[in-house]
Amino acid sequence: MDGRTESLFAADGAAPDAYASVVVDIPARALSDPFAYAVAPALAGDIAVGCTVLVAFGHRPAIGYVVALADSIDELPGAEGLAGKRIRAIDAVLTEPVCSAYAGAVAYWMSREYVAPLAECLRLFLPPGGTPRLRHAADGSYELEPPAVPEVRERVVSLTPAAADYLPPARAVRQRQLMEALACGPVTTRELNLLYTDLSAAIRALEKRGVVEVRERRAWRGIDDQTTLSSARSSAPAALTAGQSAALGEIERAVDDGADDVILVDGVTGSGKTEVYLAAIEHVLAAGRTAIVLVPEISLTAQTVGRFRSRFGGAVAVFHSRLSAGERLDQWDMVRTGAARVVVGARSALFCPLSDLGLIVIDEEHEQSYKQGSSPRYHAREVAAQMAHLGGFPLVLGSATPSAEALHRCRVGEYLGQRWCRMEMPERAGAGRLPDVIVADLRREFAGGARSIFSRPLREALLEVAERREKAVLLHNRRGFAPFLMCRDCGCVPTCKHCSTALTYHERTHTLECHTCGATYRVQPYPAPGSACPKCGSRYLAKMGMGTQQVEDALIELMPPEAKVIRMDADSTRGKDAHKRLLEEFDAAESAVLLGTQMIAKGLDFPEVTLVGVVIADYALKMPDFRASERAFDLLEQVAGRAGRGERAGKVIIQTYLPDDPVIRAVAAHDRAIFTSHDDAERAEALYPPYVRLTNVVARGRDDARVRAYIGAVARAVMDEADVLGAGAGTGEEPVRLLGPTSCVIERAKDQYRHHFIIKSAPGLDISGALFRAVERVGAKPGVKLSVDVDAYDLM
């Protein structure tokens, strides 16, 4: 609680009934604490934790959210010692509770941990539909603006006791039809109209006679999550594998004991991790509690939701960004009212208002998509662990390729006071077995005169798949037609006018597109007439490298007509439900090749897939990022796991110019240790996570000199704070290391210059607190925006 509260508020008069801790909805880092307000007797019956309230903040009205209540000021967390008579009262209660009881505590932790405004963190827990705003009511009071997307209401018709004595006239056919339809129970007017066309006149007539009654209730917008995917159905197996039984037993023990353990389910692809999640959630629901399941990709939602719905029916809510605003609001309300007890969705599903939460599951926990890219830059795994700690329930992480952080914490056995344990599932469930992996050396292919996209082993394997009427998955993690265009005369590479990034060529639309800001430019590359270099005018502006569109063209040319080629990338899945439609098309085909980027590499379960090909594995390996090798291993191991999940044996062919790289060797041998031992040694020597925490501080603005000066001032303030931290640590080692400031790898994006510095800090050190103090000391600078990314993943 902010100690400045007492000086901000004046006396209010009447003795308060209680005191409230309120987060004022003003997103500024300076407002980093809740404020204390009094609760007048007139409001005591309406107020509760989670309510939206109207308060006076300074000289203006503001929206606030109640995060704690107490009978006396000394019992209010953080407000001890404040004089209750000097605290201003809450003006009005605007809504009933809109967020979970633990939202305030988690939001406060997130604000401190990720150096973000408290109000910005709390907004994550609020109903979808935009930031709430105040408006003047007709009587001069303030009220919340109604949501842009209203609730849907429906009318329900039911028989009254008087219906037992009423017999419709012989000619009243519609009344007779209505009473017959209602004999088995209440029916909505919409359902009645579908059955008998318009029955409104009959309903009005019988309502006047007291034979039927019409009530209005909240309705839910239907989500089109029905799917024909065969993998979207789940029935409990006759028996679990030994690994599944051990993992489930550990989770159930933690649930029953009320332990906040973090349990890593480390199972090979196809080992049945989803069945462990389902059985664990059944156990939680049987105890009257609720659960959250996070998945990393929208493409996995239809499959995962289908599996959960086949076990838990309509008690499953879905929450992700591809839903419309109305659908998101309805799913949120289903959770808030208790109509749904299991939430399945992407990162944002973590903040749905489930009551009595008993389990959180994060599938594919290694995925970078669990890290938020905008403020507050939280990681879902860390927030979920904090929620589990506060709520006294376990967090389950699942992956065939666990993150370095998760593996390290399991080796140590604890992290920040929570127990971390790893449960191995080394065998595939059912008849599936791990596929054979073949490494195709592209150096030898080139030396032998081959110039095709596909090596001889991959080309032959694809044709064999078509001949046997089977299916294949082909990974190429570059969308578009070519990564860039380059002038063969002067070497010019067209770049975005707004960003310092090369433009990607898209063959279908004959455009160059910036994948940073989305800008699009029309172009005619060589040998088309009109091709011209923007620098020297030469017509030899040629395509360099290749993207998924180019691979798709080569596939269509290679494969026989009966083998369907389906491309799945960010360009082909822009429309709503596009992921589901493409996967259903692949599932329904007798023989097909699914070509795509990383979105096809994880979670998908198609027993008919007997071949997985990787067009070129080297793109991910040589990115300027210490996590490049880990991401490459995760991607290759995950996509390899799509093959051989049924009764037929699987084969994986990886094309590479680097066959001796530890990543390639580990995937080929199905031996993670080949990679992890090498990667772990490099991280320990170079001081990278999990041996340190990595924080990226970025300043951006249109004036390059102003941005440079500001980032330099912040860096100096951070080092001053770091010196204090280091003196307190007393280890004799350098607890904080600052690299930079320097320009970002992408120096200019969306017409703004970008400069940053990186902090390496010892685990357990309060680097977030040091950053908070440093940023507050330097203050804001007009025209410059600062972002702080604690536990950073993107250093570009």
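Me: The expected span of a helix is 1.5 Å times one less than its number of residues. What does that give for helix H17 in this predicted model, and how does the actual reach compare?

Reply: Helix H17 covers residues 628–640, which is 13 residues. From its first C-alpha to its last it reaches 18 Å, close to the 18 Å expected.

Me: What makes H17 "mostly covered"?

Reply: A residue counts as buried when its relative accessible area is under 20%. In H17, 11 of the 13 residues are buried. Among them are Phe633, Leu635, Leu636 and Val639, but also Glu630, Asp634 and Glu637.

Me: And why are His670 and Asp751 called partly exposed?

Reply: Partly exposed lies between the 20% limit for buried and the 50% limit for exposed. His670 has 31% relative accessibility, so it belongs in that middle class. Asp751, with a relative accessible area of 24%, belongs there too.

Me: What makes the backbone of His670 and Asp751 worth a look?

Reply: Most residues other than glycine have a negative phi. His670, though not a glycine, has a positive phi of about 50°, and it sits in the loop between helix H18 (662–669) and helix H19 (672–686). Asp751 has a phi near 70°, also a positive value in a residue other than glycine. Asp751 lies in the loop between E31 and strand E32 (752–761).

Me: Why are E31 and E33 called edge strands?

Reply: Their sheet is open and has 4 strands in the order E31-E32-E30-E33, with antiparallel pairing. Strand E31 (736–749) and strand E33 (785–790) each have a single partner strand, so one side of each has no neighbour in the sheet. Neighbouring strands here are turned by 20° against each other on average, direction ignored.

Me: How do you know that E30 and E33 pair?

Reply: Pairing takes at least two bridges between the strands. E30 (residues 693–701) and E33 have 6 bridges, in the antiparallel sense, so they qualify. Within this pair, Ala699 stands opposite Leu786.

Me: What makes a group of residues a nonpolar core, and what does the largest one look like?

Reply: The members are buried nonpolar residues joined through side-chain atoms within 4.5 Å. The largest such core has 79 residues, and Met110, Ile360 and Val383 have the most contacts inside it. Helix H20 (residues 704–729) gives the most to this core, with 9 residues. Beyond its neighbours within four places in sequence, Met110 is in contact with residues including Val115, Phe351, Tyr378 and Val383. A second, separate core has 37 residues, including Met568, Leu582, Val614 and Val667.

How values were computed: Residues numbered from 1 in each chain as written. Predicted model: local features only at pLDDT ≥ 70, side-chain atom pairs only at ≥ 80, totals over all residues. Heavy atoms only, no water. Helix = DSSP H or I, 4+ residues; strand = E, 2+ residues; numbered from the N terminus. Axes fitted to C-alpha atoms, helices over the stretch in contact; angles between N-to-C directions. Buried < 20%, exposed > 50% of the residue type's maximum accessible area, 1.4 Å probe, protein only. Contact = heavy atoms within 4.5 Å.
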